[in-house]
Amino acid sequence: MEEALQENLMGALENVIDPELGIDIVNLGLVYGVDLDENGVATVTMTLTAMGCPLAGHIEQDVKFVMSDIPEVKETNVNIVWNPPWSKDRMSRYAKIALGIPD
């Protein structure tokens, strides 16, 4: 996948806000990768901050919604994984500052 398209996909995902933390899922480090196949099927591999997150369905719907704005994307699959486990070390500097977490 070309770099500009990859950046476009990740940029779209920055519009998905974790409702509990108020920070987008990219800066929280929840997105592990995005792939787009030749048929326009995007697969977003991501995790959540905790297993059993009550807002998982809401976040998944938001991911599908923002990806639908990308012309190359015809369908989106969200693959939620637990390995590697999420930790605050995956967060961007921006997210840590916004949440008051020391670097």
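The model on screen is predicted.

**Stop 1: the charged pair.** Side chains of opposite charge can pair when their charged atoms come close. Now show helix α2, residues 56-67. Lys64 and Glu60 are four residues apart in this helix, so about one helical turn separates them. Glu60 is partly exposed, at 25% relative accessibility. A search of the whole structure finds one salt bridge.

**Stop 2: the whole chain.** Clear the selection and switch to a cartoon view. How many helices and strands does the chain have? The secondary structure comes to three helices and three strands. Read from the N terminus, the order of the elements is α-β-β-α-β-α. The radius of gyration is 13 Å, close to the 13 Å given by the globule rule for 103 residues, so the chain is as compact as a globular protein of that length. Along the principal axes, the C-alpha atoms fill a box of roughly 40 × 30 × 20 Å.

Turn on a surface. The accessible surface of the chain is about 5,900 Å², and carbon and sulfur atoms hold 49% of that area. Of the 103 residues, 38% are buried.

**Stop 3: the nonpolar core.** Hide the surface and select Leu9, Leu13, Ile25, Val44, Met46, Val63 and Met67. These are the residues with the most contacts inside the largest nonpolar core, which has 28 residues. Which elements give two or more residues to this core? They are α1, β1, β2 (41-46) and α2. The largest share, five residues, comes from α2.

Leaving out residues up to four places away in sequence, Val44 touches Leu13, Val31, Gly33, Val34, Val63, Met67, Thr76, Asn77, Val78 and Asn79.

**Stop 4: Ile70.** Go to the loop between α2 and β3 (75-80), where Ile70 lies. Is Ile70 buried or exposed? Ile70 is buried, with a relative accessible area of 6%. Then draw a distance from Ile70 to Ala95. Their C-alpha atoms are 25 Å apart, and the two residues are separated by 25 residues along the chain.

**Stop 5: Asn27.** From Ala95, move to Asn27, which has Ala95 among its contacts. Asn27 sits in the loop between α1 (3-13) and β1 (31-36). The relative accessible area of Asn27 is 15%, and this residue is buried, since buried means under 20%. Select Ser92 as well: a polar contact of 2.6 Å joins its side chain to that of Asn27. To complete the view, show Glu14, Arg90, Met91 and Tyr94, which are also in contact with Asn27 when its neighbours within four places in sequence are left aside.

Terms used:
Residues are numbered from 1 along each chain as its sequence is written. This is a predicted model: local features need pLDDT of at least 70, side-chain atom pairs count only at pLDDT 80 or more; totals for chains, interfaces and linings use all residues. Side-chain values use heavy atoms; hydrogens and water are left out. A salt bridge is a side-chain nitrogen of Lys or Arg within 4 Å of a carboxyl oxygen of Asp or Glu. Buried means under 20% relative accessible area, exposed over 50%, partly exposed in between (1.4 Å probe, protein chains only). A polar contact is a pair of N or O atoms within 3.5 Å; within protein, one must be able to donate a hydrogen and the other to accept it, and residues adjacent in sequence count only if both atoms are side-chain atoms. Contact means heavy atoms within 4.5 Å. A nonpolar core is a set of buried Ala, Val, Leu, Ile, Met, Phe, Trp, Tyr and Cys residues joined through side-chain atoms within 4.5 Å. The radius of gyration is taken over C-alpha atoms; the globule rule is 2.2 Å times the number of residues to the power 0.38. Accessible areas come from the Shrake-Rupley method with a 1.4 Å probe; for residues, only the protein chains shown count as cover.
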